[in-house]
Amino acid sequence: QLQLVESGGGLVQPGGSLRLSCAASGFTLDYYAIGWFRQAPGKEREGVSCISRSGGSTKYADSVKGRFTISRDNAKNRVYLQMNSLKPEDTAVYYCAATTIATMDLCGRVKYWGQGTQVTVSS
């Protein structure tokens, strides 16, 4: 019953934008910090961004800082990742995850994973 579902992925040209959405089913997201992760072919899964339970604190990987924005709407039980100025190296399967609370109210250990959504950046 506890499930996270990502949507919004697709094919986009370099420099384009996408907005990913993560929706919860069977539980309320406001009990968790939420992280976005990605995994490209031949690479390990890496953290992209994290947002605290209230949305007051955020963190980004250096590779996406200034281009991606994480946000949440607890009333709608959703978390978003706005992705701008996309580069080919952003191509990956993107996953959202509900996590325990760590330092600064940000992401700790993953409790629940979404199924992933494919983002492909290519001309």
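Which residue forms a disulfide with C22? In this predicted model, where residues are numbered from 1 along each chain as its sequence is written, C22 and C96 form a disulfide, with their sulfur atoms 2.0 Å apart. Local features need pLDDT of at least 70, side-chain atom pairs count only at pLDDT 80 or more, and totals for chains, interfaces and linings use all residues, while side-chain values use heavy atoms, with hydrogens and water left out.

A disulfide is assigned to a pair of cysteine sulfur atoms within 2.5 Å, and by this rule there are two disulfides. Strands (E, at least two residues) are DSSP runs numbered from the N terminus. The torsion about the S-S bond of C22 and C96 is about 60 degrees, so this disulfide is right-handed. Both C22 and C96 are buried; buried means under 20% relative accessible area, exposed over 50%, and partly exposed in between, with a 1.4 Å probe and protein chains only.

The sulfur atoms of C50 and C107 are likewise 2.0 Å apart and form a disulfide. Because C50 lies in strand β5 and C107 in strand β10 (residues 107–113), the pair ties together parts 57 residues apart in sequence. The S-S torsion of C50 and C107 is about 100 degrees, so the disulfide is right-handed. C50 is buried at 7% relative accessibility, whereas C107 is partly exposed at 23%. With bonded cysteines counted along the chain, the disulfides follow the pattern 1-3, 2-4. Contacts of C50 (heavy atoms within 4.5 Å), not counting residues up to four places away in sequence, include A33, I34, G35, I70 and L106.

C107 is also touched by T99, as are Y32, A33, G108, R109, V110 and K111, not counting residues up to four places away in sequence. T99 belongs to strand β9 and is buried, at 0% relative accessibility. A polar atom of the T99 side chain lies 3.2 Å from the backbone nitrogen of G108.

The largest nonpolar core has 29 residues, of which L4, W36, F68, V79, L81, M83 and Y94 touch the most other members. Strands β3 (18–25), β4 (33–39), β5 (46–51), β7 (68–73), β8 (78–83), β9 (92–101) and β11 (117–121) each supply at least two residues of this core. A nonpolar core is a set of buried Ala, Val, Leu, Ile, Met, Phe, Trp, Tyr and Cys residues joined through side-chain atoms within 4.5 Å. V79 touches, among others, C22, W36, I51 and I70, not counting residues up to four places away in sequence.

Five aromatic pairs are present. One of them, Y32 with Y112, is edge-to-face, at 5.9 Å centre to centre and 85 degrees between the planes. Rings of Phe, Tyr and Trp (its six-membered ring) pair if their centres lie within 6.5 Å; planes under 30 degrees apart count as stacked, over 60 as edge-to-face and the rest as tilted. Y32 is buried at 18% relative accessible area, and Y112 is partly exposed at 24%. The ring centres of Y95 and W113 are 6.2 Å apart with planes at 80 degrees, so this pair is edge-to-face. F27, Y32 and Y112 form one aromatic cluster.

Definitions and conventions. Helix = DSSP H or I, 4+ residues; strand = E, 2+ residues; numbered from the N terminus. Polar contact = N/O pair within 3.5 Å; in protein donor to acceptor, adjacent residues only side chain to side chain.
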